[in-house]
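Please look over the sequence and structure below.

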Amino acid sequence: MKRILLLCFMGVFALFSVANAQERTVSGKVTSGADGSAIPGVNVMIKGTSTGTTTDIDGNFKLSVQDGAVLQFSSIGMKKKDVPVGSRSVMDITLEEDIAELSEVVVTAYGVERAANEITYQTEKVGAEEIMQGQQQIAAVGLAGKVAGLQINVQNNGVNPQAQILLRGFRSISANNEAMIVIDGAVATIGAFNNLNPNDIQSIDILKGANAGALYGSRAANGAVIVTTKQGKIGQRFIAGVNSSLTFEEVSFLPDFQTEHGIGWDGHYDPIENTNWGPRFDGQMRRVGPDFPDGYPVADQYIPYAPIKDNLRDFFNTGSTLQNNVYLSGGDETSTFFLSVGNTNTKGIVPDDEYSRRTVRVNASKKIGKVKLDLSSQYFEDESSVVGGSIGDQDRPLYWFILNTPANIPLSEYKDWQNPIGYGYADNYYNAYYQNPYWAIGTNRNNDWTNRLIANVNASYKITDKINFAVRTGINRRTGWGKNWRDAQTYNPDLQPSHADVSSFLTDSEFQDVEFNSNAILSLGTYEFGGDFSINGFLGAAVISSQYRASSITAVNLSIPGFYDISNGTGQLTAAVDQSQKRVYGFFGDVTVGFRKWAYLNLAGRQDYTSTLPLDNNSYFYPSTSLSVILSDAFPVITENPVLSFAKITVSNSTVYNDLGIYDLNERLTQPRFFPLGNTNGFEQSLVTVDPNIQKERLNTWELGLNTGLFNERFKLDVSVFNTITTDLITETTPSFASGSSTFLTNIGKLSSKGLEASFGGNVLKIGDFRWDLNANFTTYETVVKEIKDDLKEVALDDFGGYGTYAIVGMAFPQIKAQSYVRDPQGRVVINPANGNPEIGEVLPQGKTTPDYIIGLTSGFSFKGLSLSATMDYRTGHIYYSQGHDQMEFTGRSMESVSSDRKDFVFPNSSIRQSDGTFVANTNIPISGGRMGFWQNTFNEIKENYVRDATAFKIRELALNYSLPTSVLESTRVLSKVTVGIVARNLWVSLANQTNFSDPEFRNTGGANNDNGVGIGGYLQSPPTRSLGFNLNIEF
Amino acid sequence: MKKKIFILFAVAFASVMSSCNDYLDVNTDPNNPTSADPYLILPVAQNYTARWMHSDRRVSHLGNMLMYNWSESAGFSWYNDEFLYQVNTNFYGGIFNDAYLRALKQYALLDSYDPEVYGAYVAIGKIMKSYTFQILTDFYGDIPYFDALQRSNNPSPKYDAASEIYDDLIIQLTEAIAMIDAAEANATSIFPEGDDMIFGGDMLMWKQFANTIKVRILNRVASAKGDAYVNTELAAIAAEGSGFITSNVVITPDGGYLNEEDKQNPFWEDFGANVAGSPTLSGQATCASDFMIQLLQDNADSRIDYLFEQPATGHLGVPQGITADPAVYAPSLVSNIGPALLQGPEQGSIIFTLAEHNFNMAELALNGFGGDPQTFYEAGVTAAFNTLGAPIGSYLNQPFANYVAASDKLEVIITQKWLAVQGLTAEQSWFDHTRTGYPSDLPISQEAPNLVRPVRLLYPASETSGNSANIPAQANPFTDKQFWAN
């Protein structure tokens, strides 16, 4: 293939060896019709030939022409202009901006900019204003709801939130499904994207399909998010700006809990419980906590036996985030620069949780003759101090302690945990089983510091007018350390007989993660031939090398309280080091053939070599073929109506492969944590076993797209459908554990992922200075497991025993399975006549965790300097497992547990199995243990009870801004822009009508098996929040 | 200039291409080896056996709960599933999963070493596999056996009939003894030393242990397989001549278990105290049952103070499955697990008691397979007291424990065996109870919905999803007894 590509290009060169005829020279200057400034880089072509030049930095050009020639001036973002030379030798030309086209420059692979018409696959662009609309801390969250086909799952809302970026859903069971990130032309990582200062982003181009894979390699199999940061412009005046925002964050809702029964056990009052199985609230003063002995300096605590409104909510603070950014940009005739410094300080809703981040960006470019140098660089660092994650003698997260607070306990009155005569003190605290969360905050801390340098340098050399050679080399290096500790706590056994002492530990860790990537691109330029045809292309090579290293050391039983150094531990220290590396290189080529500027055929291919596959079989080739036809140019007749003004279709097919994980190829022995033991060391076979014939995973995608402009380009409607078939999936299947392994890494089956996305946007209304713009998008997709393996019908992604997420043949992926009721043929719940309790059935599929569809809507109104914009989205048709409800059933705060007044009741719509196998309705046998046991055991065992509808409507962002009018600004002589605004995030969330625990979008962890097991909604995170704030942007 | 650039590019290209394979040869894990000698494999396997037997919610623990030895202190909801007899696919799944994924996997790995050099290791692997597989099939019935443990070569092994597994266990043990003899005859053989946490490389003791396991097997299947089979196999054991164990079989690491994180004795780790000496929650939650305390007190059994901790207020047991949570059963007031079972973090893990072996011999003798049942019985009771360090005094003269006075000899043997293995290998008493119905007056948990004690476990949920093509229909856990109990 490589050779074929080369031959192709040689042929092209031969075609265009131009014979010179009688010539003279014309020269001139091209300027902008808008402001009269010079336009560099304008293509000046002699019409009907392939001869031409481009304007220099001052907009000047010089060209040899024959008499009668017509010069064609074109530049991206400008309207094309044909001018006959006539007898002139000096031609000064003015080009007008082409508004429609300006916004439609698409940044494609390796930073190559292309006009939208030439793009043969589906992309969508999001601009700086849209990304920053909500003043989000990380850009990914700012994309939610704004792009068709893009699903952002905010999985955690701590001080440093995490988001999953999915384009068109899932294509792989075990492999990563998240989109590839490219920052300023260099391949980067999701982490690097999250570490970008969102204020520095100029625009983001979303390549929705796998087409970019042919050029970027495996990582682009899931689509690509191509980020362009802000640059100065050639000849741009100096701008200095400040953007600041201050937002406040508060809990938006807590779990739906009952408030009828309080502290107690099995129907009776118990003053030291974490559970709510006490009698019905009666308002009487009652003791809570230990019965202090005579002479103890603390009196028994008496509080009314009555629910306290918002007793859990009051634990949380109002958080705040202050962001300050200063930026400078400018450019002269040969160079540009953009500098920014950003600082963010966050105080979390959990007391004492703090987070801060700082960024410095330097972007610059310089032209030296035929050489152009570009630098894109950012240094990032962040620091966090949050409550530790393994609190108390049961190693629980903080939220657990808050949730284990009965309804009648005034939680926020226990702040004084250090005072030996306060009720918040460890020995005096009312709860005999779970400690005071304020104590937890003071005695368990995770402190982390990380930094990242993401930078790349691009040097390009213009070999001829058309041929350009560019080399880019980049680094993405993250390092950091962490110090996590827990203080010891002992208890007076007379006051707290049920508490086991809490042991102390300190874990000190460090890591470094570095990725180098380099590529070289030889762009061959555009050539016209045969009158109607054009051809352009490029060749390239790329290398990526990643290395990771982490180490940690843990000391236990610290001798000196409050001193956190490993020297303070007693007993043996435990230490671990983990190191890995991966290398990939590849060669690629891309050629586009155009016909009459309305049809483009693109062929691209890449040959990759990876270190993770066997040395003798470590390469693969991926091709991509795509076609676009601008119907409105090909058949102008279709635009001869008031509605349709532009139409383009694209069709493409591409194949991409996923390779294996680092070191997955060979089975390895590991040292169990119990070793070395005494005088012996030991190693064991891994729980993961690998198919000896394992090979790469294949993804093939068809995409069909339609882009239209309506009502003279006032509206845009884009629709695309896609179908991805993944075969030979590299999957961590669940073998029989009797095989001696719990994970079998092998190639299995077939996954089919189909979907449709549409976006519609434009200016709905324009009356005088009033404008209403709307952008709506619709996404639907479904991934179905077509085959697994002959004798395997499902693969567990995350198995919690009784429930979990699975890939199941013939069903949508991922699927939740849960222990269910036993139902008779009429759908009645079968009970055990001995005790009236429902029988506990099998673990059965309950539904899919990906939505049927997502609708996103961004609407903006503006009137003079005032603008109001909002982004909302609606997702429905999916379910999640409410792990929080499940875990908290034990404590008797569920709404269900008071649904029958804590009495035994006849289970609704139930039946009894007869000896002949038929069923009769149960009308009189009540369940047993309605006071408590039924809920804790039978009801809690039937995990189907915790499957919830994940439907959610969210107003994610709302922004109201006012910009001072130009007239006022001009009078200041200093200011060029002043915008003040109010911003709200997650202002309103509406969930399905059911008992809700948290945000269905949240998720506990990456699964035990992999990150694709979405749908287990957690209790580990703090509750969902909403934010309101102000922002100010000034430019000088 | 143009040329120079092209040359530069070509040179760069060529240099990358020429060093390609070296460049990509970085797929070797620096943190984990791909092979190791068997002396690094065996101790891991044996440590897993100790954990499988004695950790929280593993083999012996289940026996202690189902045989009503142990109960729950107030303030804990620790044993809901046990008290409800909630035998479903999640109930004690760790017994099935950990057997294969931990110990058996490691013992099977020993098979891959050259028997000419490492015959002793291979033989130990076979003996321990037989030990483990018997317990496993006694819990589950038919299980993957002949095709099991082949990892990537067979991710979904078929299930084999329990009775066929039993036959093969005897064959494997015979083979293991022959391999030991062959290894001892071979000058180039390498024998384990301190890496053998059970016998420190004493191969005679391994042969004795193999014979002892055979007796456990033969005693259990005696009625199912018939006298001829048992007589033949017992004769073969006698002919082999190594004899049987003469003390408890204990797993002790070379250098001992240590009072360090993850290095404690596994039973102590879960039911004793953490490294700092704070009692564990499982230990606090677990205490004697009322029935057990009463029985020990009624018969002036000195073991009561060794099996159970005596609170200042005197011994107190708790009925299984009471729904109320009265404060009189607070951990400080009830008899938690006692000092002979929880000696300290360094104690060894008993995986087979001499007492049980004597009771097995007594039962065989009682059934006419040779020997004097009373002698074996009394040796068994004595060994049980010795294991705990309790003075036996005149216990054997108590009507409850006197062999001569006992009207039902089998009952007295099985009842004393139950008392002997409690807290140590209590699962054996559950198997005996299913088979013989003794002790006959054992109470049922108050929360048990059907007033019937379970007789087997169900295959875990992991098998339903991971081995759906082979897993047999789940049996009824309350009525479908194992083949040797019918």
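The report starts with chain A as a whole and then turns to its sheets, the interface, the cores and single residues.

**Chain A overall**

This is a predicted model. Chain A holds eleven helices and 55 strands. Its radius of gyration is 32 Å, close to the 31 Å that the globule rule gives for 1036 residues, so chain A is as compact as a globular protein of that length. Along the principal axes, the C-alpha atoms of chain A fill a box of roughly 115 × 75 × 70 Å. Of the 1036 residues in chain A, 48% are buried. Contacts that span the sequence carry much of the count: among contacts in chain A with a separation of 6 or more, 67% come from residues 24 or more positions apart.

Strands of a sheet pair through backbone hydrogen bonds, in either the parallel or the antiparallel sense. Two sheets of chain A are described here.

One is an open sheet of four strands, in the order β3-β2-β5-β6 (chain A), with antiparallel pairing. At the edges stand β3 (52-54) and β6 (81-84) of chain A; each has a single partner strand, so one side of each is left without a neighbour in the sheet. On average, neighbouring strands of this sheet are turned by 20° against each other, direction ignored. Inside the sheet, strand β2 (residues 43-46) and strand β5 (residues 70-74) of chain A run antiparallel and are joined by four bridges. A:Asn43 has A:Ser74 in β5(A) as its bridge partner.

The other open sheet has three strands, in the order β44-β49-β50 (chain A), and its pairing is mixed. Its edge strands are β44 (829-831) and β50 (919-921) of chain A, and each pairs on one side only. Neighbouring strands of this sheet are turned by 45° against each other on average, direction ignored. Strand β49 (residues 910-913) of chain A pairs with β50(A) in the antiparallel sense over three bridges. A:Ile912 has A:Val920 in β50(A) as its bridge partner.

**Where chain B meets chain A**

How many residues of chain B are in contact with chain A? There are 85, and they touch 82 residues of chain A. Several helices of chain B give two or more residues to this side, including α1 (2-18), α3 (42-54) and α12 (281-285). The largest share, nine residues, comes from α6(B). By class, the side of chain B that touches chain A has 39 nonpolar, 33 polar and 13 charged residues.

**Nonpolar cores**

The largest nonpolar core has 142 residues. B:Ala123, B:Ile127 and B:Ile180 have the most contacts inside it. Helix α7 (residues 115-140) of chain B gives the most to this core, with 14 residues. Which residues does B:Ile127 touch, not counting those up to four places away in sequence? They are B:Leu173, B:Ala176, B:Trp206, B:Phe209, B:Ala210 and B:Ile213. A second, separate core has 72 residues, including A:Leu143, A:Ala188, A:Leu603 and A:Val656.

**Backbone sites**

| Cis peptide bond | Omega |
|---|---|
| A:Phe675 and A:Pro676 | about 0° |
| B:Tyr438 and B:Pro439 | about -5° |

A:Pro676 has its place in the loop between β34 (669-670) and β35 (684-685) of chain A. B:Pro439 lies in the loop between α18 (427-436) and α19 of chain B.

Positive phi values follow. A:Gln135 has phi near 50°, a positive value in a residue other than glycine. Its loop lies between α3 (128-132) and β11 (150-156) of chain A. Is A:Gln135 buried or exposed? With 25 other C-beta atoms within 10 Å, A:Gln135 is buried.

For A:Asp184, phi is also near 50°, and this residue is not a glycine either. A:Asp184 is found in the loop between β13 (180-183) and β14 (186-188) of chain A. A:Asp184 is buried, because 25 other C-beta atoms lie within 10 Å.

A:Pro614 is a loop residue too, between β31 (599-610) and β32 (619-630) of chain A. A:Pro614 has 12 C-beta neighbours inside 10 Å, so it counts as exposed. The C-alpha atoms of A:Pro614 and A:Asn666 are separated by 9.6 Å, although these residues are 52 residues apart along the chain.

Definitions and conventions: Residues are numbered from 1 along each chain as its sequence is written. Chains are lettered from A and ligands numbered from 1 in the order in which they are written. This is a predicted model: local features need pLDDT of at least 70, side-chain atom pairs count only at pLDDT 80 or more; totals for chains, interfaces and linings use all residues. Two strands pair if DSSP finds at least two bridges between them. Axes are lines fitted to C-alpha atoms, for helices over the stretch in contact, and angles run from 0 to 180 degrees between N-to-C directions. The radius of gyration is taken over C-alpha atoms; the globule rule is 2.2 Å times the number of residues to the power 0.38. A residue is buried if 20 or more other C-beta atoms lie within 10 Å of its own, exposed if 12 or fewer, and partly exposed in between; C-beta atoms are placed from the backbone. Two residues are in contact if their C-beta atoms, placed from the backbone, lie within 7 Å. Ala, Val, Leu, Ile, Met, Phe, Trp, Tyr, Cys and Pro count as nonpolar, Asp, Glu, Lys and Arg as charged, and the others, Gly among them, as polar. A nonpolar core is a set of buried Ala, Val, Leu, Ile, Met, Phe, Trp, Tyr and Cys residues joined through C-beta atoms within 7 Å.
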